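Selected residues are treated individually before the wider arrangement is set out.

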Amino acid sequence: MRFSLEAQLPQKIMGINYQQCSQIFCISLLLLVFFFTLGFFVGLPLLTVCPQTFTLSCMCGSITFMISFAILKGPQSHFASMMAGDRIHFTVIYLGSMLLTLYLTFTAGGAKGYVLVLGASALQLLVLLWYLVAFLPGGATGMKVWTQALWTLLKPLMIGCAKCQAMCIGRCVSWYASRFTFAES
């Protein structure tokens, strides 16, 4: 399975071998997660006040996503696959949803604008997921391989973050409990 996935990819892209391309692809996906996390945890609560924050974070995430696939497959090959006859409809919908989101962000206001921007952003994210399955070499099988590789890469980091968070919460609770105990006496 892995060998058939590697056979679909070019051996060198801009002087970078397959393993380096895979690493850059994973790093750019982490950057993508950062942008979408920023959008959802900072931009979404401020959507009614400043929809540009949410939209621009999602837009940067979408652009990073497209760049990551261009790095994985090669820029010319990726652009050619986007313009292929069976994928041109998807490309138009994807780019159209990005432009629609930007347009609505800067022109629509009030409650109606909030709903329109949220709807256009949801469309953009759905098309982005479609993009992931359609353009990832190997399709669903390739997505499983990449998911396992990302999990292997991120598992130690996630465990370390969880331990650090537990330690910080424990110290805050003990500090608060000691303050509360002294205040009663």
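Ser81 counts as buried because its relative accessibility is 14%, which falls under the 20% limit for that class. This residue of the predicted model is found in helix H4, which covers residues 75–82. Thr91 is 10 residues from Ser81 along the chain, and the C-alpha atoms of the two are separated by 9.7 Å.

**Further buried positions**

Gly61 lies in helix H3 and is buried, its relative accessible area being 0%. Not counting residues up to four places away in sequence, Gly61 touches Leu32, Phe35 and Phe36. Leu38 is 23 residues away from Gly61 along the chain, with a C-alpha separation of 9.6 Å.

Ser28 is a residue of helix H2. Its relative accessible area of 9% is under 20%, so Ser28 is classed as buried. Once residues up to four places away in sequence are set aside, Ser28 touches Thr64 and Ser68. Ser68 is also among the contacts of Leu29, which include Phe65 and Leu150 as well when neighbours within four places in sequence are left aside.

Val127 has its place in helix H6 and counts as buried at 5% relative accessibility. Beyond its neighbours within four places in sequence, Val127 is in contact with Phe90, Ile93 and Tyr94. For the pair Val127 and Phe90, a sequence separation of 37 residues goes with a C-alpha to C-alpha distance of 7.9 Å.

The C-alpha separations given above are collected here.

| Residue pair | Separation in sequence | C-alpha distance |
|---|---|---|
| Ser81 and Thr91 | 10 residues | 9.7 Å |
| Gly61 and Leu38 | 23 residues | 9.6 Å |
| Val127 and Phe90 | 37 residues | 7.9 Å |

**Packing of H2 against H3**

How are H2 and H3 oriented relative to each other? The two helices pack at an angle of about 170°, and their axes are 8 Å apart. Angles over 145 degrees count as roughly antiparallel, and H2 and H3 therefore belong to that class. By class, the residues in this contact comprise 18 nonpolar and nine polar ones, with no charged residues.

**The largest nonpolar core**

The largest nonpolar core has 21 residues, and those touching the most other members are Phe25, Leu29, Phe65, Met66, Phe69, Tyr94 and Tyr131. At least two residues of this core are supplied by each of helix H2 (18–43), helix H3 (51–73), helix H5 (88–107), helix H6 (110–135) and helix H7 (139–184). H3 provides the largest share, namely seven residues.

**Overall organisation**

The protein contains 185 residues, of which buried residues make up 34%. Its accessible surface comes to about 11,400 Å², and carbon and sulfur atoms account for 74% of that area.

Which share of the contacts between residues at least 6 apart in sequence joins residues at least 24 apart? In this protein the share is 72%.

Note on methods
Residues are numbered from 1 along each chain as its sequence is written. This is a predicted model: local features need pLDDT of at least 70, side-chain atom pairs count only at pLDDT 80 or more; totals for chains, interfaces and linings use all residues. Side-chain values use heavy atoms; hydrogens and water are left out. A nonpolar core is a set of buried Ala, Val, Leu, Ile, Met, Phe, Trp, Tyr and Cys residues joined through side-chain atoms within 4.5 Å. Buried means under 20% relative accessible area, exposed over 50%, partly exposed in between (1.4 Å probe, protein chains only). Helices (H or I, at least four residues) and strands (E, at least two) are DSSP runs, numbered from the N terminus. Contact means heavy atoms within 4.5 Å. Accessible areas come from the Shrake-Rupley method with a 1.4 Å probe; for residues, only the protein chains shown count as cover. Axes are lines fitted to C-alpha atoms, for helices over the stretch in contact, and angles run from 0 to 180 degrees between N-to-C directions. Angles under 35 degrees count as roughly parallel, over 145 as roughly antiparallel, 65 to 115 as roughly perpendicular and the rest as oblique. Ala, Val, Leu, Ile, Met, Phe, Trp, Tyr, Cys and Pro count as nonpolar, Asp, Glu, Lys and Arg as charged, and the others, Gly among them, as polar.
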